[in-house]
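Dear colleague,

Please find below the structure that I am handing over to you, together with its sequence.

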Amino acid sequence: MDTSCTKPSKKMPLSSWKLVLVLILFFAVYMMYVALQQYGVFSVTNLITVGALSKAPICHMPAVSHSDAPFFHFPKPVTYNRKECACTPVRFFAILSMQRSGSGWFETLLNSHPNISSNGEIFSVKPRRSNVTSITRTLNRLYNLDWYSSAAKNECTASIGLKWMLNQGLLQHHVEIADYFNQRGVSVIFLFRRNLLRRMVSILANAHDRAVKQLNGTHKAHVHSEAEAAVLAKFKPTINTTLLMSELRRADKMGREALKHFESTRHLLLYYEDLVSNHTKLMDVLDFLQLPRKKLSSRHVKIHTEPLANQIENWGEVYRALNGTLFESFVNGNYRR
């Protein structure tokens, strides 16, 4: 007797099958709807992008020599639209200098030009010069016209740059920075002082005012009135003659190294004394930047205008220390400004 029993198969009720089919159909319709929506958004986005690109102006290089072409740029800032000036070519520059060499005065002169934006000592902030990556990131932002400062002229700027002191990471990373300048088409303006002793007097006087704040409790590195200049000029520093020669050699070496490290760049060498005595030198700067000549002005008032003998407390010692040396022209020169 076959005692095995076969269990009857359980069949899904018809109503359950209908429910499954409905769910499958609903899911298929939903997936098709999502796909169509995605396709529609993608298409619209593409149309918008194509439309935007079609409206972007096609900028043409001005009639310049082949060698000058790499120094004309058409930046596309991300923080604003250059509008009608989108095809105004922009020249990039960097003023390489040392503290108390007239760079502040020089920069205000440049910024009086309607087409120039020089943005100060950007790399005086240490994190911006902490390494090559930080330096490059900062320069890219500046030369893309996305750097905001009081000097920014935004969309119609035709020349943009900065003031960069030699001791602000410039010499430390000179290889990478020189490569960057050459690759990005950045023109270099060297601004130095011939008389490094006068620069030393200015440094010491500025340090004194930073400590005592002679103008109503406020330190001013630059002044805009003759009355303020007269107050600051009263201080006569005493110079350590033991360290004098080494300090002058150090400053002289720093300038020479900068000239050597960046000799491969397109550059212009200026001296503060020449700018003071001959204002036509400023037109040479505008020609170098290939900008229209304009009269440049500054509100800065020179602080130290007297002969060095009247500005150094221990003048006799300083004179004897430098007379007959490589730097004797600093004490025997006729330059009074």
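**Helix 6 and helix 8**

The axes of helix 6 (residues 196-212) and helix 8 (residues 241-261) come within 10 Å and cross at roughly 105 degrees. Axes here are lines fitted to C-alpha atoms, for helices over the stretch in contact, and angles run from 0 to 180 degrees between N-to-C directions. Helix 6 and helix 8 are therefore roughly perpendicular to each other; angles of 65 to 115 degrees count as such, whereas those under 35 are roughly parallel, those over 145 roughly antiparallel and the rest oblique. On the helix 6 side, Leu196, Leu197, Arg199 and Met200 meet Leu244, Glu247, Leu248, Ala251 and Asp252 of helix 8, where contact means heavy atoms within 4.5 Å. The residues of this contact divide into six nonpolar, no polar and three charged. For this count, Ala, Val, Leu, Ile, Met, Phe, Trp, Tyr, Cys and Pro are nonpolar, Asp, Glu, Lys and Arg are charged, and the others, Gly among them, are polar.

Helix 6 also holds Ser202, which is buried, with a relative accessible area of 8%. Buried means under 20% relative accessible area, exposed over 50% and partly exposed in between, with a 1.4 Å probe and protein chains only. Leaving aside neighbours within four places in sequence, Ser202 is in contact with Arg100, Arg193 and His304. Ser202 and Arg100 are 102 residues apart in sequence, yet 6.2 Å apart in space, C-alpha to C-alpha.

**Basis of the model**

This is a predicted model, in which local features need pLDDT of at least 70 and side-chain atom pairs count only at pLDDT 80 or more, while totals for chains, interfaces and linings use all residues. Residues are numbered from 1 along each chain as its sequence is written, and side-chain values use heavy atoms, with hydrogens and water left out. The mean pLDDT of the protein chain is 88, and 84% of its residues reach 70 or more; pLDDT is the predictor's confidence in each residue, from 0 to 100. Over residues 1-7 pLDDT stays under 50, and the model has zero contacts beyond four places in sequence for them. The stretch of residues 36-54 likewise has pLDDT under 50 and zero contacts of that kind.

**The sheet and its surroundings**

The protein chain has twelve helices and five strands, taken as DSSP runs (H or I, at least four residues, for helices; E, at least two, for strands) and numbered from the N terminus. An open sheet of five strands has the order 2-3-1-4-5, with parallel pairing; two strands pair if DSSP finds at least two bridges between them. Strand 2 and strand 5 (267-271) are the edge strands, each pairing on one side only. Helix 8 packs on the sheet, touching strand 4 (186-192) and strand 5, and its direction makes about 160 degrees with that of strand 4.

Strand 3 (residues 159-165) is largely enclosed by the rest of the structure, because seven of its seven residues are buried. Ser159, Gly161, Lys163 and Met165 point one way from strand 3, and Ile160, Leu162 and Trp164 the other way. Seven bridges join strand 3 to strand 1 (residues 91-97); Phe93 has Gly161 as its bridge partner, and Ser97 has Met165. Three bridges join strand 3 to strand 2 (residues 116-118), where Ile116 is partnered by Ser159.

Helix 2 (residues 103-111) is also largely enclosed, since seven of its nine residues are buried.

Yours sincerely
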